[in-house]
Amino acid sequence: MADDKPLEQKDEPQEEETGGLEEEDVILTLKSGGQNPKSFEISKTDAELSKFVTTILEGDADATVIEIRQVPAETLAHVVEYLKHHKGKEPDPLPCPVRSIHMAQIVSDKWDATWIDAFDKKTIFEVILAANYMDIKSLLHLGCAKIATLIKQLDQKEINRIIEEEEKYRREHANENPDDAKTEEKDDKQ
């Protein structure tokens, strides 16, 4: 009997390792919305920072294609790049309040600073909206921290202009896809 237990213990870790390897190999396809929808491939592990994706996979473990209609292709490309870089691991939290105007002094991963600094304000707002929709907390915080660094450098008139730009963008996108909003309302009621 004592010999049986060590054999069982040896078998169990092998099964767990095999299961873990299989999960890492699963490739998901994220389909964007917008006028020119595109598909992006990403590993399941890399996509785990998105609670939107993990919630869908909890409901349908066999899902390999996930539609993200609220996020245009250009923005989803940026989000996928971010997810692939972090490989499903939550980056260190950002300090609050933001005390510097330089992202490299705020983030622990210098790649994040270089990546977010490369975008114009419009793209940053789009990334923030996508991160919010896809429930990617670390990306949402990174985008908001970047906007905070930009605001720290501005006077009140410039701050008001930025806020107006973002509101205008939201209104434009709300008017572009009224059918999507109605479809989502119907889905929510069912």
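Q: Buried means under 20% relative accessible area, exposed over 50% and partly exposed in between, with a 1.4 Å probe and protein chains only; what makes Asp135 count as partly exposed?
A: The relative accessibility of Asp135 is 40%. Asp135 lies in the loop between helix 6 (121-134) and helix 7.

Q: On what basis are such values given?
A: The model is predicted: local features require a pLDDT of at least 70 and side-chain atom pairs a pLDDT of 80 or more, whereas totals for chains, interfaces and linings use all residues. Residues are numbered from 1 along each chain as its sequence is written, and side-chain values use heavy atoms, leaving out hydrogens and water.

Q: Why is Arg99 called exposed?
A: Arg99 has a relative accessibility of 71%, which is over the cut-off for exposed residues, and Arg99 therefore counts as exposed. The loop between helix 4 and helix 5 holds Arg99.

Q: Why is Ser138 called buried?
A: Its relative accessibility is 9%, under the cut-off for burial, and therefore Ser138 counts as buried. Ser138 belongs to helix 7 (residues 137-152). Beyond its neighbours within four places in sequence, Ser138 is in contact (heavy atoms within 4.5 Å) with Leu49, Tyr82, Glu90 and Pro91.

Q: What makes the pair Ser138 and Tyr82 a polar contact?
A: The two side chains meet at 2.8 Å. A polar contact needs a pair of N or O atoms within 3.5 Å, with one able to donate a hydrogen and the other to accept it; the pair of Ser138 and Tyr82 therefore counts as one.

Q: Why are helix 4 and helix 5 called roughly antiparallel?
A: The axes of helix 4 (residues 73-86) and helix 5 (residues 110-117) cross at roughly 170 degrees and come within 11 Å. Angles over 145 degrees count as roughly antiparallel, so the two helices are described in that way. Helix 4 contributes His78, Glu81, Tyr82, His85 and His86 to the contact, and helix 5 contributes Trp111, Asp112 and Trp115. By class, these residues are 3 nonpolar, 3 polar and 2 charged.

Q: Which residues of helix 3 are buried, and what covers them?
A: In helix 3 (residues 51-59), the buried residues are Phe52, Val53, Thr54 and Leu57. Their cover includes strand 1 (27-33), helix 2 (44-47), strand 3 (65-72) and helix 6.

Q: How many helices and strands does the protein chain have, and what share of its residues is buried?
A: The protein chain has 9 helices and 3 strands, in the order α-β-β-α-α-β-α-α-α-α-α-α along the sequence. Of its 190 residues, 33% count as buried.

Note on methods: Axes fitted to C-alpha atoms, helices over the stretch in contact; angles between N-to-C directions. Helix = DSSP H or I, 4+ residues; strand = E, 2+ residues; numbered from the N terminus. Parallel < 35°, antiparallel > 145°, perpendicular 65-115°, else oblique. Nonpolar A, V, L, I, M, F, W, Y, C, P; charged D, E, K, R; others polar.
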